[in-house]
Each structure stands twice: as C-alpha cells, then as structure tokens.
Amino acid sequence: MSDKEPVRDFATDWDHTDPRWVADPYPIWDDLRRRCPVAHTERYGGGWFPTTHEAVSRIANDTEHFTSRTVVIGNGRPLEDAPPAPIGVAPPISSDPPFHQIARRLILPAFAPGPVNALEPMIRDLCRRLLDGLVGHEEIDAGAEFAQFIPPAVIIRMLGFPERDEDLFREFVHVVLEGIDQPVEQRIEQFAPIEEYFAVQIEDHRAHPRDDLTSYLLNVEVGGQKLAPEHVFGTMILILVAGIDTTWSAIGASLWHLATHPEDLARLAGEPDLMATAVEEFLRFYAPVSMARLVKEDVDYLGCAMKRDDWILLGFPAANRDPAAFPDADRFVIDRRENRHLAFGLGIHRCAGSNLARLELRVALEEFLARYPRFELANPADVTWAPGQVRGPRHLPLRLASLEG
Ligand code: HEM
C-alpha cells in the first residue's frame, strides 16, 4: 500500500486505503458531501463514492443498475458468468435477484431474535471471562485483548467449529478483507488454507451431523434439492467475514468514543437504561461497514457518467453523518431519539445479522462498564484503525480505573 501515489484530491482520486482516510475519514467525507456529492476515482479500475444519505439509499435500492457480484473493492473484476453464478461467491451478499431472495431466506431463521437472544448468557459469560483475565492490569489493549475475542467465539459456536480455532478465524478474516491490493495469484494462494479448513469442518459435519448452522446448511433443501457445495461454502465464508470484524470494530469504536468523551462515559455508566439508545448512536456515528457494487452497464446516474464495471463504494458511514438526514449529524448525541441510521445498510441486502450485532455490542459494553466505569486512552498515538471497508480500532490502549480504584 505504501508504494501507492498519495491522493491529491479525494473528489477526483479517492482511495479508501489512503492513510488520511483510514485515520480520520469524517472531514474528508464532509468536504466531499459539500463539493460533489459523488466523488470519482480512476484507482481500482474506476469507481464512484456517493456521500449523501439520498444517493447511498438510491443506489442500495437499485438492483437494476448495480450488481453485488462482488462487494469488496479490488483491482480485478470477477467475470459475470464465472461459476458459481448465479449463486455468487458468498450468498446472499454476492447474489443478485432473483437468486438473492432464496439464499437470504435460508439463513434468516438462524438470525431471528429467538435463537440470537438465546446466545446472551454465553456472550455475557465470555465477556466476564475476558475481563477476569485482565484483572490487575492498569492498562489494557481493549481492541486486541477484549473486542476482538468476542465475535469469533460467537461465530465459531454458531457454525459448530472447534473453539480452539478462534485465532485461526481472525487470521482468515484478515486475509479476506485486508489483502485487497495483492495480485490475484497471491490472493488464491492465501485462500487455500481457508478452503482446506472449511472442507475438513464440512466433512466432519457430514459424518457427525449436529444442531448448528453448518449441519443446517448441509441438510436444508430448496425445491427438494440440497444446496450446491459452493453455496454451503460461500455462505459459511460470508458468516465468518460478515460476523467478525464488523462487530469487533463496532465494540472497539464505541469504547474509543467513551475513552475520549468522559461526559458520555459517566452518563452511560450512571444510567444503564440509556444503553439501547446509545448503541444505536454508536452504530450511526461509527458505522464500521462500507460495501461495494459494480455498475452493470454504462449509465448516466446522479449526474455521473458511470461505466460498466465501475465500482460504487456505498458509504453507509458517510450517509450517517449527512446533515440533510440527521439533525446535528456531526455530533454524537447519546440519547438521540430518532435514529434511522444506515449502519446495517438498506434494501434487499440489509444486514441479516443485525440482531446478533446489537446483542454483542450491548453485552460487551454493559460488561465492560460494569467492571470499568472510568477509563481513558493510555496513549492516543498508539491507537490504530483498520484500513479498507470495515473500519474500527485494532489497537486501543486504555488506562483503567476499576470500581475499587
Ligand atoms: C456491527 C456489526 C455489523 C455491521 C455494521 C454490519 C453491516 C452490514 C451491512 C452494511 C450489510 C449490507 C451489505 C450490502 O449492502 O452489500 C450487511 C450485510 C450482511 N450482514 Fe452484517 N453487519 C454487522 C454484523 C453482522 C453479523 C454479526 C452477521 C452474522 C453473523 C452479519 C451478517 C450479514 C449478512 C449475512 C449480510 C448479507 C445480507 C444479504 O445480502 O441479504 N452481519 N451487514
């Protein structure tokens, strides 16, 4: 990434991996919203970045002009008819209508409130154990030692994989999401261990079916037929990727906010009933996920001459800061009443895991605040943010004051 030309003007040359964008994208987006509001780049083979709530919503709802064939920006483009079309590499997120609906309906029951809420005691227990492991430390890395452990443990449990493989899981997510600039051959090489690992788990589940998402995907039938193996694999990969660093980022960003805004920390620690409202504002203000589309055919859209196979970076986080959609959009309002944010996207691909994400975020914050009602950044310069389409703090050194302290 370091050998790239630095961005001169984000309006005509944006790059979501540019160090300034990674460190603090909000002033850049505010400026673009005022000037463009759809920015352009020649990087990655050409792309557009809408920054308003209206433009993001319009594109997310328009499956006629835009495809989800791939949702992570890279230098190449997957071929339109390449297998496993029409399933896509990671159904349902990479599927277009009409197949999308079939793929989405299949997984929705696993993420309905009933099964998700049943995970609460396990998540709470996990958070407590993680915090127990940090007892006696005056400084901790809340990104690397707390937030990042929660989502993999939950996903491993849902898929029915061995708990000891959590570290491996985090490596897989890193490979899938953060290696976007690497050449295709290297990407294929990096994916090999993931495929091998999943193949072993799938075989084990075929031999010993049990009550988990992997066995469900292997046995569920659509029109009297079991799912194609690439469908099962693709959905498992999606759940791995969609469920881990997204939520880890949301937990980390919320803790970062509390560490840097003592008045919000004091209020939330003192008024636990505020948590549900605060969670929505954390999601609005620090929405971690931007997803991509490809333009299907040349089209003039929102005043832009879009070309077939141009990228669209759907800036859900930028839309969430649009003053036309939210009063005081650039202010974090911990008790904001009306909050129709786009952190989970919108349209047919709206996040299927939002119940689970909200639960993990709420429980993680509740447990952290119960243990540490006062904390601050130990050294702001040591905080690092993940680059790419999922943004959150990876290293978050905090100085803690426990209940006793
Ligand atoms: C704070 C955490 C999360 C955020 C901010 C988030 C955000 C998003 C967004 C913006 C989309 C829309 C993608 C698009 O339009 O292309 C999406 C889709 C999706 N998310 Fe999440 N997500 C989170 C957590 C999760 C979790 C925990 C899971 C499940 C384990 C999950 C599963 C999915 C799935 C399956 C889709 C695809 C839905 C479809 O294409 O129909 N997400 N998510």
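Tutor: Strand β4 is joined to strand β14 (residues 397–401) by 3 bridges, and the two run antiparallel. Strands here are DSSP E runs of at least two residues, helices are H or I runs of at least four, and both are numbered from the N terminus. A pair needs at least two DSSP bridges between its strands. Within this pair, I140 faces L398 of β14.

This is a predicted model: local features need pLDDT of at least 70, side-chain atom pairs count only at pLDDT 80 or more, and totals for chains, interfaces and linings use all residues. Residues are numbered from 1 along each chain as its sequence is written.

Now the whole sheet. It is open, with 3 strands in the order β4-β14-β11 and antiparallel pairing. β4 (139–141) and β11 (374–377) are the edge strands, each with a single partner, so one side of each has no neighbour in the sheet. On average, neighbouring strands are turned by 35 degrees against each other, direction ignored.

Next, the helices. α7 (residues 120–132) packs with α8 (residues 150–159) at an angle of about 140 degrees, and their axes are 10 Å apart. Axes are lines fitted to C-alpha atoms, for helices over the stretch in contact; angles run from 0 to 180 degrees between N-to-C directions. α7 and α8 are therefore oblique to each other. Under 35 degrees counts as roughly parallel, over 145 as roughly antiparallel, 65 to 115 as roughly perpendicular, and the rest as oblique. Their crossing is right-handed (the near helix is turned clockwise from the far one by less than a right angle). α7 contributes M122, I123, L126 and C127 to the contact, and α8 contributes I150, A153, V154 and R157. Contact means C-beta atoms, placed from the backbone, within 7 Å. By class, this contact has 7 nonpolar, no polar and 1 charged residues. Nonpolar covers Ala, Val, Leu, Ile, Met, Phe, Trp, Tyr, Cys and Pro; charged covers Asp, Glu, Lys and Arg; the others, Gly among them, are polar.

Note on methods: Two residues are in contact if their C-beta atoms, placed from the backbone, lie within 7 Å.
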